[in-house]
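Colleague: I have not looked at this one before. Can you walk me through it?
Modeller: Go ahead and ask.

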Amino acid sequence: MAPTFLLTVVLILIIVFAAFFMVKQQTAAIIERFGKFHSIRQSGLHFKIPLIDKVAGRLSLKIQQLDVIVETKTLDDVFVKLKVSVQYKVITEKVYDAFYKLDYPHEQITSYVFDVVRAEVPKMKLDDVFVKKDDIALAVKAELNDAMADYGFDIIRTLVTDIDPDPQVKIAMNRINASEREKIAAQFEGDAQRILIVERAKAEAESKRLQGQGIADQRREIARGLEESVEVLNKVGINSQEASALIVVTQHYDTLQSIGQQTNSNLILLPNSPQAGSQMLNDMVASFTASNQIGEAMKNAKPKLKK
(Lines give C-alpha, C1' and ligand atoms only; values in the text may rest on other atoms or scores of the structure.)
Protein backbone atom coordinates (compact mmCIF):
# COMPACT_ATOMS: atom_id res chain seq x y z
CA MET A 1 0.00 0.00 0.00
CA ALA A 2 2.79 2.41 0.82
CA PRO A 3 4.51 2.40 -2.60
CA THR A 4 1.16 2.75 -4.38
CA PHE A 5 0.20 5.65 -2.15
CA LEU A 6 3.50 7.39 -2.73
CA LEU A 7 3.20 6.94 -6.51
CA THR A 8 -0.30 8.38 -6.42
CA VAL A 9 0.86 11.40 -4.45
CA VAL A 10 3.73 11.99 -6.88
CA LEU A 11 1.38 11.81 -9.86
CA ILE A 12 -1.02 14.25 -8.22
CA LEU A 13 1.79 16.69 -7.50
CA ILE A 14 3.02 16.43 -11.08
CA ILE A 15 -0.46 17.13 -12.40
CA VAL A 16 -0.90 20.08 -10.03
CA PHE A 17 2.44 21.60 -10.99
CA ALA A 18 1.66 21.01 -14.70
CA ALA A 19 -1.65 22.80 -14.28
CA PHE A 20 -0.06 26.07 -13.23
CA PHE A 21 2.42 28.12 -15.25
CA MET A 22 3.93 31.63 -15.14
CA VAL A 23 4.22 34.23 -17.87
CA LYS A 24 6.97 36.84 -17.50
CA GLN A 25 6.47 40.56 -17.82
CA GLN A 26 6.26 41.88 -21.43
CA THR A 27 5.57 38.35 -22.67
CA ALA A 28 2.49 36.67 -24.13
CA ALA A 29 1.82 32.90 -23.95
CA ILE A 30 -0.31 31.09 -26.54
CA ILE A 31 -2.47 28.29 -25.16
CA GLU A 32 -3.71 25.47 -27.40
CA ARG A 33 -6.30 22.85 -26.49
CA PHE A 34 -6.00 19.57 -28.35
CA GLY A 35 -3.79 21.33 -30.90
CA LYS A 36 -6.22 24.19 -31.54
CA PHE A 37 -5.75 27.80 -30.46
CA HIS A 38 -7.53 28.44 -27.22
CA SER A 39 -6.34 31.70 -25.60
CA ILE A 40 -3.55 34.20 -25.04
CA ARG A 41 -2.25 34.70 -21.54
CA GLN A 42 -0.42 37.83 -20.39
CA SER A 43 2.11 38.18 -17.55
CA GLY A 44 1.29 36.48 -14.20
CA LEU A 45 0.34 33.07 -12.78
CA HIS A 46 -2.17 31.07 -14.89
CA PHE A 47 -3.97 27.75 -14.86
CA LYS A 48 -4.40 25.23 -17.65
CA ILE A 49 -5.91 21.80 -17.80
CA PRO A 50 -3.16 19.24 -17.66
CA LEU A 51 -2.83 16.87 -20.61
CA ILE A 52 -5.48 18.89 -22.46
CA ASP A 53 -4.07 22.42 -22.67
CA LYS A 54 -0.48 23.21 -23.51
CA VAL A 55 1.65 26.33 -23.94
CA ALA A 56 2.27 26.37 -27.70
CA GLY A 57 4.72 29.24 -27.54
CA ARG A 58 5.70 32.52 -26.02
CA LEU A 59 6.21 35.87 -27.75
CA SER A 60 8.20 38.78 -26.36
CA LEU A 61 6.37 42.10 -26.37
CA LYS A 62 9.61 44.08 -25.95
CA ILE A 63 11.16 46.20 -28.67
CA GLN A 64 13.60 44.08 -30.62
CA GLN A 65 16.28 44.98 -33.14
CA LEU A 66 17.30 43.23 -36.32
CA ASP A 67 20.50 44.25 -38.14
CA VAL A 68 20.48 43.64 -41.90
CA ILE A 69 23.56 44.13 -44.11
CA VAL A 70 22.72 44.83 -47.74
CA GLU A 71 25.22 45.06 -50.60
CA THR A 72 24.09 47.05 -53.61
CA LYS A 73 25.33 49.38 -56.36
CA THR A 74 24.95 53.15 -56.58
CA LEU A 75 24.08 55.28 -59.59
CA ASP A 76 27.79 55.95 -60.29
CA ASP A 77 28.55 52.19 -60.30
CA VAL A 78 30.10 51.93 -56.83
CA PHE A 79 29.38 48.84 -54.75
CA VAL A 80 28.52 49.67 -51.18
CA LYS A 81 27.37 47.79 -48.07
CA LEU A 82 24.63 49.31 -45.91
CA LYS A 83 23.81 48.20 -42.39
CA VAL A 84 20.12 48.78 -41.68
CA SER A 85 18.89 48.38 -38.09
CA VAL A 86 15.17 47.66 -37.78
CA GLN A 87 13.53 48.15 -34.38
CA TYR A 88 10.17 46.39 -34.09
CA LYS A 89 7.79 44.79 -31.60
CA VAL A 90 4.75 42.54 -31.54
CA ILE A 91 1.44 44.39 -31.35
CA THR A 92 -0.33 43.31 -28.17
CA GLU A 93 -3.71 43.06 -29.87
CA LYS A 94 -2.26 40.99 -32.72
CA VAL A 95 -0.29 38.31 -30.88
CA TYR A 96 -2.33 35.64 -32.68
CA ASP A 97 -1.32 36.96 -36.12
CA ALA A 98 2.33 37.34 -35.10
CA PHE A 99 2.48 33.74 -33.86
CA TYR A 100 0.45 31.88 -36.47
CA LYS A 101 0.88 33.85 -39.70
CA LEU A 102 4.70 33.93 -39.77
CA ASP A 103 7.10 31.16 -38.90
CA TYR A 104 10.26 33.26 -39.42
CA PRO A 105 9.56 37.01 -39.01
CA HIS A 106 13.28 37.88 -39.16
CA GLU A 107 13.59 36.44 -42.66
CA GLN A 108 10.44 38.27 -43.75
CA ILE A 109 11.72 41.63 -42.48
CA THR A 110 15.14 40.99 -44.04
CA SER A 111 13.55 40.34 -47.44
CA TYR A 112 11.66 43.64 -47.36
CA VAL A 113 14.79 45.54 -46.29
CA PHE A 114 16.76 44.05 -49.20
CA ASP A 115 13.98 44.91 -51.62
CA VAL A 116 13.66 48.56 -50.54
CA VAL A 117 17.39 49.29 -50.24
CA ARG A 118 18.17 47.79 -53.63
CA ALA A 119 15.37 49.87 -55.13
CA GLU A 120 16.41 53.21 -53.55
CA VAL A 121 20.23 53.20 -53.51
CA PRO A 122 20.74 52.61 -57.28
CA LYS A 123 18.95 55.93 -57.84
CA MET A 124 21.63 57.85 -55.88
CA LYS A 125 25.29 58.62 -56.31
CA LEU A 126 27.69 57.56 -53.58
CA ASP A 127 27.90 61.04 -52.04
CA ASP A 128 24.09 61.26 -52.00
CA VAL A 129 23.87 57.93 -50.16
CA PHE A 130 25.79 59.44 -47.25
CA VAL A 131 23.72 62.64 -47.33
CA LYS A 132 20.30 61.01 -47.80
CA LYS A 133 20.66 57.96 -45.56
CA ASP A 134 17.67 59.17 -43.52
CA ASP A 135 15.53 59.09 -46.68
CA ILE A 136 16.54 55.46 -47.23
CA ALA A 137 15.63 54.64 -43.62
CA LEU A 138 12.22 56.31 -43.99
CA ALA A 139 11.52 54.41 -47.21
CA VAL A 140 12.37 51.11 -45.49
CA LYS A 141 10.14 51.94 -42.53
CA ALA A 142 7.20 52.90 -44.73
CA GLU A 143 7.46 49.67 -46.72
CA LEU A 144 7.83 47.50 -43.61
CA ASN A 145 4.91 49.16 -41.80
CA ASP A 146 2.58 48.45 -44.70
CA ALA A 147 3.74 44.84 -45.03
CA MET A 148 4.26 43.75 -41.41
CA ALA A 149 1.18 45.35 -39.84
CA ASP A 150 -0.97 42.52 -41.22
CA TYR A 151 1.31 40.01 -39.47
CA GLY A 152 1.04 41.69 -36.08
CA PHE A 153 4.36 43.55 -36.05
CA ASP A 154 4.84 47.27 -35.52
CA ILE A 155 7.99 48.87 -36.99
CA ILE A 156 9.19 51.41 -34.43
CA ARG A 157 12.20 52.81 -36.25
CA THR A 158 14.68 52.02 -39.02
CA LEU A 159 18.23 53.36 -39.03
CA VAL A 160 21.02 53.23 -41.60
CA THR A 161 23.84 52.77 -39.11
CA ASP A 162 26.76 52.09 -41.47
CA ILE A 163 27.74 52.79 -45.07
CA ASP A 164 30.82 50.90 -46.21
CA PRO A 165 32.02 51.44 -49.82
CA ASP A 166 34.63 49.31 -51.52
CA PRO A 167 38.13 49.80 -49.93
CA GLN A 168 39.60 51.19 -53.16
CA VAL A 169 36.78 53.74 -53.33
CA LYS A 170 37.47 54.83 -49.75
CA ILE A 171 41.17 55.27 -50.58
CA ALA A 172 40.26 57.39 -53.62
CA MET A 173 37.85 59.51 -51.54
CA ASN A 174 40.52 60.11 -48.91
CA ARG A 175 42.97 61.05 -51.66
CA ILE A 176 40.49 63.57 -53.11
CA ASN A 177 39.93 65.05 -49.66
CA ALA A 178 43.68 65.33 -49.06
CA SER A 179 44.18 66.99 -52.47
CA GLU A 180 41.47 69.54 -51.72
CA ARG A 181 43.07 70.37 -48.38
CA GLU A 182 46.52 70.70 -49.99
CA LYS A 183 45.01 73.03 -52.59
CA ILE A 184 43.47 75.23 -49.89
CA ALA A 185 46.75 75.22 -47.96
CA ALA A 186 48.66 76.27 -51.11
CA GLN A 187 46.20 79.13 -51.66
CA PHE A 188 46.65 80.36 -48.11
CA GLU A 189 50.42 80.07 -48.43
CA GLY A 190 50.36 82.02 -51.71
CA ASP A 191 48.21 84.73 -50.14
CA ALA A 192 50.63 84.96 -47.22
CA GLN A 193 53.62 85.31 -49.55
CA ARG A 194 51.81 87.94 -51.60
CA ILE A 195 50.97 89.94 -48.48
CA LEU A 196 54.60 89.61 -47.34
CA ILE A 197 55.91 90.89 -50.68
CA VAL A 198 53.45 93.79 -50.69
CA GLU A 199 54.32 94.76 -47.14
CA ARG A 200 58.03 94.49 -47.88
CA ALA A 201 57.59 96.73 -50.96
CA LYS A 202 55.63 99.25 -48.88
CA ALA A 203 58.33 99.25 -46.23
CA GLU A 204 61.04 99.71 -48.86
CA ALA A 205 59.10 102.56 -50.47
CA GLU A 206 58.65 104.22 -47.11
CA SER A 207 62.37 103.75 -46.40
CA LYS A 208 63.28 105.35 -49.74
CA ARG A 209 60.91 108.22 -49.09
CA LEU A 210 62.40 108.87 -45.68
CA GLN A 211 65.91 108.50 -47.08
CA GLY A 212 65.15 111.03 -49.84
CA GLN A 213 63.62 113.37 -47.30
CA GLY A 214 66.76 113.04 -45.20
CA ILE A 215 69.02 113.78 -48.17
CA ALA A 216 66.88 116.78 -49.10
CA ASP A 217 67.04 118.08 -45.53
CA GLN A 218 70.80 117.50 -45.49
CA ARG A 219 71.31 119.41 -48.73
CA ARG A 220 69.03 122.17 -47.52
CA GLU A 221 71.13 122.59 -44.37
CA ILE A 222 74.35 122.49 -46.44
CA ALA A 223 72.98 125.22 -48.70
CA ARG A 224 71.97 127.26 -45.67
CA GLY A 225 75.45 126.84 -44.21
CA LEU A 226 77.08 127.86 -47.46
CA GLU A 227 74.85 130.90 -47.61
CA GLU A 228 75.89 131.92 -44.11
CA SER A 229 79.56 131.33 -44.97
CA VAL A 230 79.30 133.57 -48.05
CA GLU A 231 77.66 136.31 -45.99
CA VAL A 232 80.48 136.13 -43.42
CA LEU A 233 83.14 136.34 -46.17
CA ASN A 234 81.33 139.24 -47.83
CA LYS A 235 81.54 141.19 -44.60
CA VAL A 236 85.37 140.96 -44.69
CA GLY A 237 85.58 142.23 -48.31
CA ILE A 238 85.53 138.96 -50.27
CA ASN A 239 82.97 138.94 -53.07
CA SER A 240 80.56 136.08 -53.70
CA GLN A 241 82.57 134.44 -56.48
CA GLU A 242 85.76 134.36 -54.49
CA ALA A 243 83.88 133.19 -51.41
CA SER A 244 82.30 130.31 -53.36
CA ALA A 245 85.68 129.30 -54.77
CA LEU A 246 87.24 129.44 -51.30
CA ILE A 247 84.49 127.26 -49.86
CA VAL A 248 84.93 124.65 -52.62
CA VAL A 249 88.69 124.55 -52.04
CA THR A 250 88.14 124.19 -48.30
CA GLN A 251 85.72 121.29 -48.87
CA HIS A 252 88.30 119.70 -51.19
CA TYR A 253 90.96 119.63 -48.49
CA ASP A 254 88.40 118.49 -45.90
CA THR A 255 87.58 115.56 -48.18
CA LEU A 256 91.26 114.62 -48.50
CA GLN A 257 91.62 114.74 -44.72
CA SER A 258 88.53 112.54 -44.22
CA ILE A 259 89.83 109.96 -46.70
CA GLY A 260 93.17 109.85 -44.95
CA GLN A 261 91.52 109.06 -41.61
CA GLN A 262 89.82 105.91 -42.98
CA THR A 263 92.06 102.82 -42.85
CA ASN A 264 89.93 100.74 -45.25
CA SER A 265 89.10 103.47 -47.75
CA ASN A 266 89.15 102.74 -51.48
CA LEU A 267 91.78 104.32 -53.77
CA ILE A 268 90.63 107.71 -55.09
CA LEU A 269 92.86 109.85 -57.34
CA LEU A 270 92.51 113.53 -56.54
CA PRO A 271 94.87 116.45 -57.28
CA ASN A 272 96.74 117.18 -54.06
CA SER A 273 99.88 119.06 -55.24
CA PRO A 274 100.62 122.48 -53.65
CA GLN A 275 99.53 124.22 -56.86
CA ALA A 276 96.30 122.20 -57.11
CA GLY A 277 94.39 124.36 -54.68
CA SER A 278 95.40 127.69 -56.23
CA GLN A 279 94.81 126.33 -59.72
CA MET A 280 91.35 125.09 -58.75
CA LEU A 281 90.60 128.48 -57.17
CA ASN A 282 91.78 130.37 -60.26
CA ASP A 283 89.78 128.10 -62.55
CA MET A 284 86.64 128.60 -60.53
CA VAL A 285 87.08 132.38 -60.33
CA ALA A 286 87.65 132.48 -64.09
CA SER A 287 84.57 130.36 -64.72
CA PHE A 288 82.46 132.58 -62.46
CA THR A 289 83.75 135.69 -64.23
CA ALA A 290 83.02 134.23 -67.65
CA SER A 291 79.53 133.22 -66.60
CA ASN A 292 78.85 136.74 -65.30
CA GLN A 293 80.02 138.25 -68.59
CA ILE A 294 77.80 135.94 -70.57
CA GLY A 295 74.88 136.81 -68.35
CA GLU A 296 75.44 140.56 -68.80
CA ALA A 297 75.68 140.14 -72.56
CA MET A 298 72.39 138.25 -72.66
CA LYS A 299 70.70 140.98 -70.61
CA ASN A 300 71.93 143.69 -73.01
CA ALA A 301 70.81 141.66 -76.01
CA LYS A 302 67.20 141.37 -74.84
CA PRO A 303 66.33 145.15 -75.11
CA LYS A 304 67.78 145.26 -78.65
CA LEU A 305 65.66 142.33 -79.73
CA LYS A 306 62.52 143.99 -78.35
CA LYS A 307 63.24 147.18 -80.38
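Colleague: Where is Leu-51 found?
Modeller: Leu-51 is in the loop between strand 4 and strand 5. Keep in mind that this is a predicted model.

Colleague: Is Leu-51 buried or exposed?
Modeller: Leu-51 counts as exposed, because its relative accessibility is 83% and the cut-off for exposed is over 50%.

Colleague: What is phi of Leu-51 near?
Modeller: Phi is near 65° there, a positive value in a residue other than glycine. Phe-34 also has a positive phi, near 55°.

Colleague: And where is Phe-34 found?
Modeller: In the loop between strand 2 (27–33) and strand 3 (36–41). Phe-34 is exposed, with a relative accessible area of 68%.

Colleague: Which residues form the nonpolar patch on the surface?
Modeller: Phe-34 and Leu-51 are among them, and the others are Ile-12, Val-16, Phe-20, Met-22, Leu-45, Phe-47, Ile-49 and Ile-52. Together they have about 1100 Å² of accessible area.

Colleague: Which elements give two or more residues to the patch?
Modeller: Helix 1 (2–19), strand 1 (20–23) and strand 4 (44–47) do.

Colleague: Let's step back. How many helices and strands are in the protein chain?
Modeller: Eight helices and eight strands. The chain has 307 residues, of which 22% count as buried.

Colleague: What about contacts along the sequence?
Modeller: Take the contacts between residues at least 6 apart in sequence: 64% of these join residues at least 24 apart.

Colleague: Now helix 3. Which residues are buried in helix 3?
Modeller: Ile-109, Val-113, Val-116 and Val-117 are buried in helix 3. They cover an arc of only 95° around the axis, so they are on the same side of helix 3.

Colleague: What do the buried residues of helix 3 pack against?
Modeller: Strand 6 (64–73), strand 7 (79–90) and helix 5 (133–148).

Colleague: How far apart are the end C-alpha atoms of helix 3?
Modeller: They are 23 Å apart. Helix 3 has 16 residues, 105–120, and at 1.5 Å a residue it should span 22 Å, so the two values agree.

Colleague: New topic. How many salt bridges does the structure hold?
Modeller: Five. Side chains of opposite charge can pair when their charged atoms come close.

Colleague: Which residue forms a salt bridge with Asp-97?
Modeller: Lys-101 does, and the closest N and O atoms of this pair are 3.8 Å apart. Asp-97 is buried, with a relative accessible area of 16%, while Lys-101 counts as partly exposed at 47% relative accessibility.

Colleague: Where does Asp-77 come in? Which side chain meets Asp-77 in a salt bridge?
Modeller: That of Lys-73, at 3.5 Å from N to O. Asp-77 is exposed, with a relative accessible area of 55%. Lys-73 counts as partly exposed, at 37% relative accessibility.

Colleague: One more pair, please. Which side chain meets Asp-134?
Modeller: The side chain of Lys-133 meets Asp-134 in a salt bridge, 3.6 Å from N to O. Lys-133 has 31% relative accessibility and counts as partly exposed.

Definitions and conventions
Residues numbered from 1 in each chain as written. Predicted model: local features only at pLDDT ≥ 70, side-chain atom pairs only at ≥ 80, totals over all residues. Heavy atoms only, no water. Patch = residues over 30% accessible without salt bridge, like charges linked within 9 Å, V, L, I, M, F, W, Y side chains within 5 Å. Areas by Shrake-Rupley, 256 points an atom, 1.4 Å probe, with all protein chains shown as cover. Salt bridge = Lys/Arg side-chain N within 4 Å of Asp/Glu carboxyl O. Helix = DSSP H or I, 4+ residues; strand = E, 2+ residues; numbered from the N terminus. Buried < 20%, exposed > 50% of the residue type's maximum accessible area, 1.4 Å probe, protein only. Expected span 1.5 Å × (residues − 1). Arc of directions from axis to C-beta. Contact = heavy atoms within 4.5 Å.
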